[in-house]
Amino acid sequence: MSDITQKRLDSYTIDGDLFIVLVNQEGQYSIWPAKKDVPLGWTSVGFSGSKQEVSAYIDEHWTDMRPISLREAMSATKKS
């Protein structure tokens, strides 16, 4: 048996592929392979690049990890 750890490679993990940034109705972001159809409930934000580039985009734009519904509920609680 080899000492080298085998990585599972598929279209979600291969570096060098083109990825897009998706966002859902709760304001949550995701990295998605550009060659795959966008899943229901998600929308492309129009940014694509390497896995590193889209990760950097998400880090810059997704500054509040709370879902929109939670943010709104917390805001309403503060106002009451």
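Colleague: In what order do the elements of the protein run from the N terminus on?

Modeller: In this predicted model, the elements run β-β-β-α-α from the N terminus on, which accounts for the 3 strands and 2 helices of the protein.

Colleague: What makes Ile31 partly exposed, rather than buried or exposed?

Modeller: Ile31, whose place is in strand β2, residues 29–33, has a relative accessible area of 29%. Buried would require a value under 20% and exposed a value over 50%, so with 29% Ile31 is called partly exposed.

Colleague: Which residues is Ile31 in contact with, once its neighbours within four places in sequence are left aside?

Modeller: Ile31 is then in contact with Phe19, Ile20, Lys51, Val54, Ser55 and Ile58, where a contact requires heavy atoms within 4.5 Å. For one of these residues, Val54, the C-alpha atom lies 6.8 Å from that of Ile31, although the two are 23 residues apart in sequence.

Colleague: How do you know that the buried residues of α1 line one face of the helix?

Modeller: The buried residues of α1, which spans residues 51–61, are Val54, Tyr57 and Ile58. Seen down the axis of α1, these buried residues fall within an arc of 95 degrees, and therefore they line one face of the helix.

Colleague: Which exposed residues does the face of α1 turned away from its buried side carry, and what do the buried residues of α1 pack against?

Modeller: The face turned away from the buried side carries Gln52, Asp59 and Glu60, which are exposed, while the buried residues of α1 pack against β1 (19–24), β2 and β3 (42–49).

Colleague: Why are β1 and β2 called paired strands?

Modeller: Pairing requires at least two bridges between two strands, and 5 bridges join β1 to β2, so these strands, which run antiparallel, count as paired.

Technical notes: Residues numbered from 1 in each chain as written. Predicted model: local features only at pLDDT ≥ 70, side-chain atom pairs only at ≥ 80, totals over all residues. Heavy atoms only, no water. Helix = DSSP H or I, 4+ residues; strand = E, 2+ residues; numbered from the N terminus. Buried < 20%, exposed > 50% of the residue type's maximum accessible area, 1.4 Å probe, protein only. Arc of directions from axis to C-beta.
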